[in-house]
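Hi,

Here's the model I promised to send over. Have a look at it first, and then read on for what turned up.

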Amino acid sequence: MSSEPGRSLGSKMIRFAVVGLANTAIDLVAFTVLLWLALPPLAANVGAWLVAVAFSFVANRFWSFERDRSIPLSHSIFRFISLGALISLGVSSAFIIGLSGWTGVWPAKIAGIIVAAVLNFLAARWSIEGRLLR
């Protein structure tokens with residue numbers, strides 16, 4: 001565990017939300033830059049996600065959650081990135097594919113980010129702390 005044992009679930013949720021807001025800003029800036037560089041929206045989404053997930057893992061590991069030291073760092077990273085790919089990248093890409101024709105790329109991207117937020121909290125907590133609900 002970290003140097004702050006017993007941090008409340010509420011505290012973790014607030015910290016995760018702060019990291020999530022910063023992560024979302026990083027994702028959107030990278031997405032904008034990659035679109036400006038003429039990448040197709042799905043390629044821009046993958047590139048932006050890669051930048052954002054690296055920041056998110058480090059910030060959540062050191063600030064939001066209490067690391068379970070029995071989980072090797074390589075396993076924690078693998079879990080975080082795998083679940084992040086499935087949830088964040090999967091949901092946002094599905095929304096871009098499914099909604100961008102009707103709403104445009106930006107509303108579809110934002111909707112995907114919102115839908116993935118709660119699932120990401122549970123996934124990040126499991127990846128770093130080794131638990132979901134307790």
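Aspartate 27 and lysine 109 form a salt bridge, with their closest N and O atoms 2.8 Å apart; the term means a side-chain nitrogen of Lys or Arg within 4 Å of a carboxyl oxygen of Asp or Glu. Aspartate 27 sits in helix H1 and lysine 109 in helix H4, so this pair ties together parts that are 82 residues apart in sequence. Both aspartate 27 and lysine 109 are buried, where buried is under 20% relative accessible area, exposed is over 50%, and partly exposed is in between (1.4 Å probe, protein chains only).

Before going further, the ground rules: this is a predicted model, in which local features need pLDDT of at least 70 and side-chain atom pairs count only at pLDDT 80 or more, while totals for chains, interfaces and linings use all residues. Residues are numbered from 1 along each chain as its sequence is written, and side-chain values use heavy atoms, with hydrogens and water left out. Helices are DSSP runs (H or I, at least four residues), numbered from the N terminus.

The structure holds two salt bridges. In the one between lysine 12 and glutamate 66, the side chains meet at 3.3 Å, N to O. Lysine 12 belongs to H1 and glutamate 66 to the loop between H2 and H3, so here the parts tied together are 54 residues apart in sequence. Lysine 12 counts as buried because its relative accessibility is 1%, and glutamate 66 is buried too, at 2%.

So what about H1 itself? Its 28 residues should span 40 Å at 1.5 Å a residue, and the end C-alpha atoms are 39 Å apart, which agrees; the expected span is 1.5 Å times one less than the number of residues. The C-alpha atoms of alanine 25 and alanine 52 are 8.7 Å apart, although 27 residues separate the two along the chain. Just after H1, alanine 38 takes a positive phi of about 75 degrees.

Now the inside. The largest nonpolar core has ten residues, including Phe16, Trp49, Val53, Phe80 and Phe121; such a core is a set of buried Ala, Val, Leu, Ile, Met, Phe, Trp, Tyr and Cys residues joined through side-chain atoms within 4.5 Å. H2, H3 (73–103) and H4 (105–129) each supply at least two residues of this core. There is also a second, separate core of six residues, Ala30, Phe31, Leu34 and Ala44 among them. Leaving out residues up to four places away in sequence, valine 53 touches Asn23, Phe80 and Ile81.

Which residues form the nonpolar patch on the surface? They are Ile14, Val18, Val58, Phe62 and Trp63, with about 520 Å² of accessible area together. Patch residues have over 30% relative accessible area and no salt bridge, with like charges joined within 9 Å and nonpolar side chains (Val, Leu, Ile, Met, Phe, Trp, Tyr) within 5 Å; the areas come from the Shrake-Rupley method with a 1.4 Å probe, and for residues only the protein chains shown count as cover. H1 (9–36) and H2 (41–64) each supply at least two of the patch residues, and H2 gives the most, with three. Isoleucine 14, in H1, counts as exposed because its relative accessibility is 59%.

Cheers

Terms used
Contact means heavy atoms within 4.5 Å.
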